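Have the sequence at hand while reading.

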Amino acid sequence: MIKSYLLAPGLRELFGTAQDVLVLAASGTGAMEGSVTNLLSPGDEAIVVNGGKFGERWTKICQGYGVVVHEVVVEWGRAVEPTAVAQALESHPKARALFVQASETSTCALHPVPALAELTRRRDVLLVVDGITAVGVLDLPMDRLGIDVLVTGSQKALMLPPGLAFAALSERAWAAVERARLPRFYFDFRRERKGVAERSTAWTPAISLVYGLRAALQLLLEEGLAEVYARHDRLARATRAAASALGLRLLAPESPSPAATAICLPAGFDGSALFRYLRDRMRVTFAGGQDRLKGKIIRIAHLGYVDAFDVVTGVAALELGLRHFGAPVELGRGVGAAEVVLAEGLPAR
Ligand SMILES: *Cc1c(COP(=O)(O)O)cnc(C)c1O
């Protein structure tokens, strides 16, 4: 039994790849770090799209290993412009890899990965995508798009507790793994690949999570990946409609992520107090903003094990919380707007 789990049906389908999907015992950042150490050598150059806390993490990992980073800095809440990345690729012809988030969870913006893949496919540059709030949320077929490395973690769309990280690599990424000279041991992808071939892992697997993974993949496949993606899209549109109906601005209106929605609070509003009230008194947990967005936004997650009524509950709690703190809210307005969208997903009969 233990040895068969890497055949977990659905993992390749989920990544849209014919390649092996490595299963690591780590949080998502482990797969991010492994992507850096397995592809690059000391002194290598890389381009990082930095549009939030997770983009910043790519930079920190790279710099931690002595990789020279050229950042494409993106205003928080916006998606990167492919032309800005094209320019960075021109300016830094020695860059070996481009690191980006598909969905930048800290701002809830979606970066245009297919357009970036168009750029890297034609060059000798590897495209490394943090898909931690994208894999299982939206269609991101890695082989078809030409993504070189796609990583995710267990605790987001895969509906599991934290503790597993996943990585899949293209042929040319595997060739780079052979050449890379950065130090690596626990996250040595060569060992892990050998493990997959033997239906095992290099190190002790997080076996309880691996059993959970089988069940999670089964749920996703039973629902059908197309419907999984449609559900996430619907929940996201419902949440955005609710925010607009309440007169609240989105942080990422132009390219919003289907995984989570960041809503700007009215100016002068104490977002941290609202967050605590909602969590501790109303028992509905949102995410706040990080760093410079602390207290200014509230984030509603709608990925993974969620359905229409989670969104309704979240929006209702937000309405009541805003009113509690004196914001002029017409109760039910956001819920009503959300329901109009959610009704699209009702069973036929
Ligand atoms: C959650 C998340 C991570 C994950 O990090 P952990 O190591 O699992 O805490 C990385 N990138 C993105 C975009 C995320 O949303």
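Arg-231, Arg-234, Leu-235, Asp-307, Ala-308, Phe-309, Val-312, Glu-339, Leu-342, Ala-343, Gly-345 and Leu-346 line the largest pocket. The model is predicted. The largest pocket holds about 260 Å³ of space.

**Largest pocket**
- Helices α10 (225-245), α12 and α13 each give two or more residues to the pocket lining.
- The lining divides into 7 nonpolar, 1 polar and 4 charged residues.

**Helix pair α12 and α13**
- The axes of α12 (residues 308-324) and α13 (residues 333-342) come within 8 Å and cross at roughly 165°.
- Angles over 145 degrees count as roughly antiparallel, and α12 and α13 are therefore roughly antiparallel to each other.
- Their crossing is right-handed.
- On the α12 side, the contact is made by Ala-308, Val-311, Val-312, Val-315, Ala-316 and Glu-319.
- On the α13 side, Arg-333, Gly-334, Val-335, Ala-338, Glu-339 and Leu-342 take part.
- The contact residues divide into 8 nonpolar, 1 polar and 3 charged.

**Cavities**
- The structure holds 2 cavities of 30 Å³ or more.
- The largest cavity has about 100 Å³ of space.
- Of its 14 lining residues, Val-23, Leu-24, Ala-25, Glu-192 and Thr-204 are the closest to the centre.
- Strand β1 (residues 21-25) gives the most to this lining, with 3 residues.
- The lining of the largest cavity has 11 nonpolar, 2 polar and 1 charged residues.
- The second largest cavity has about 40 Å³ of space.
- Its lining includes Thr-107, Cys-108, Arg-240 and Pro-256.
- Strand β10 (residues 260-264) gives the most to the lining of the second largest cavity, with 3 residues.

Notes:
Residues are numbered from 1 along each chain as its sequence is written. This is a predicted model: local features need pLDDT of at least 70, side-chain atom pairs count only at pLDDT 80 or more; totals for chains, interfaces and linings use all residues. Side-chain values use heavy atoms; hydrogens and water are left out. Axes are lines fitted to C-alpha atoms, for helices over the stretch in contact, and angles run from 0 to 180 degrees between N-to-C directions. Helices (H or I, at least four residues) and strands (E, at least two) are DSSP runs, numbered from the N terminus. Angles under 35 degrees count as roughly parallel, over 145 as roughly antiparallel, 65 to 115 as roughly perpendicular and the rest as oblique. A crossing is left-handed if the near helix is turned anticlockwise from the far one by less than a right angle, and right-handed if clockwise. Contact means heavy atoms within 4.5 Å. Ala, Val, Leu, Ile, Met, Phe, Trp, Tyr, Cys and Pro count as nonpolar, Asp, Glu, Lys and Arg as charged, and the others, Gly among them, as polar. On a 1 Å grid over the protein atoms alone, a cavity is a set of points where a 1.4 Å probe fits but cannot get out, and a pocket is an open set with protein on both sides within 12 Å along at least five of seven lines; lining residues have an atom within 4 Å of a point. Grid points are joined across faces, edges and corners, and a volume is the space filled by probe spheres set on the points.
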